[in-house]
Amino acid sequence: MNYRIIDIDKWERKKYFEHYFSNVPCTYSVTVKLDITAILDKKLKLYPTMLYLLTKTVNMYEEFRTAVNSKGDIVVFESMNPSFTIFHKDTETFSNIWSEYSESYAEFCENYENDLSLFGEIKEFEAKPNVPENIFPVSMIPWTTFESFNLNLQKGFDYLLPIFTMGKYELAEGKYLLPLSVTVHHGVCDGFHLCRFINKLQELCNDIAK
């Protein structure tokens, strides 16, 4: 796990970061409907495919890899891995599992399947041990669709990494649409950055089946 420590005094976002981190702590969420028609038409597994695409997009942009590390430094991780929820029907609880990211879609899906096989039946909050710092959380609520989703985090103003929540997809006007909520910290991510992320993610959703 490699990272670069940000020199706050030389950072172009210094005033923005100080304002939204210390003076007016601010996080915000945006919910969009992703067109996942190409993914479903190709009969790809939705959850690992979205985990792959989210991570690929996260790794393209520094503002989605900026975090406060365990030493209290503001850092940019070189790369990120997804930490995702799985549901246990018998206990109606969930566990978190993280998987190592690979640029290769096939290799990432293999990592995902191996992790499910090894840790999928462990009913602990963190099912897979040795959780690294360079992870971001992803969850899915496949039982209903939604137009908006908001997280209320008591200590969220110190958390800089993005949080993703997906819902149940629906068919509308010949397209399959997946609700996706993205929660970010305004100290590191403005509306421009978030829109660029969403547009790139949609582009990757369209292109993965090619």
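**Ground rules**

I number residues from 1 along each chain as its sequence is written, and I use heavy atoms for side-chain values, with hydrogens and water left out. Since this is a predicted model, I kept local features to pLDDT of at least 70 and side-chain atom pairs to pLDDT 80 or more, while totals for chains, interfaces and linings use all residues.

**Entry 1: salt bridges**

I began with the charged pairs. Side chains of opposite charge can pair when their charged atoms come close. I took a salt bridge as a side-chain nitrogen of Lys or Arg within 4 Å of a carboxyl oxygen of Asp or Glu. How many salt bridges does the structure hold? I found 10.

One of them joins the side chains of R4 and E62, at 3.3 Å from N to O. This pair links distant parts of the chain, with R4 in strand β1 (residues 3–5) and E62 in the loop between α3 (46–58) and β3 (66–68), 58 residues apart. Helices (H or I, at least four residues) and strands (E, at least two) are DSSP runs, numbered from the N terminus. I also checked the cover, where buried means under 20% relative accessible area, exposed over 50%, and partly exposed in between (1.4 Å probe, protein chains only). R4 is partly exposed at 42%, and E62 is partly exposed at 38%.

Next I looked up D190 and R13, whose side chains form a salt bridge at 2.8 Å, N to O. D190 sits in the loop between β10 (175–185) and α5 (191–207) and R13 in the loop between β1 and α1 (14–23), so this pair ties together parts 177 residues apart in sequence. Buried or exposed, these two, D190 and R13? Both D190 and R13 are buried.

Then came D115 and K128, which meet in a salt bridge at 3.1 Å, N to O. D115 belongs to helix α4 (residues 105–119) and K128 to the loop between α4 and β7 (135–140), so the pair ties together parts 13 residues apart in sequence. D115 is buried at 7% relative accessible area, and K128 is buried at 12%.

I also noted a network of salt bridges linking K33, E147 and E170.

**Entry 2: D35**

D35 lies in strand β2 (residues 27–35). I found D35 buried yet without a salt bridge. Which side chain of opposite charge is nearest to D35? K175 is, 4.2 Å away; Lys and Arg count as positive and Asp and Glu as negative, with His and the chain ends not counted.

The side chain of D35 does make a polar contact with the side chain of T37, at 2.5 Å. A polar contact is a pair of N or O atoms within 3.5 Å; within protein, one must be able to donate a hydrogen and the other to accept it, and residues adjacent in sequence count only if both atoms are side-chain atoms. Setting aside residues up to four places away in sequence, D35 touches K175, Y176, L177, Q202, C205 and N206, where contact means heavy atoms within 4.5 Å.

**Entry 3: I86**

I placed I86 in strand β5 (residues 81–88). I86 counts as buried, at 12% relative accessibility. Beyond its neighbours within four places in sequence, I86 is in contact with T93, F94, S95, I97, L116, F119 and G120.
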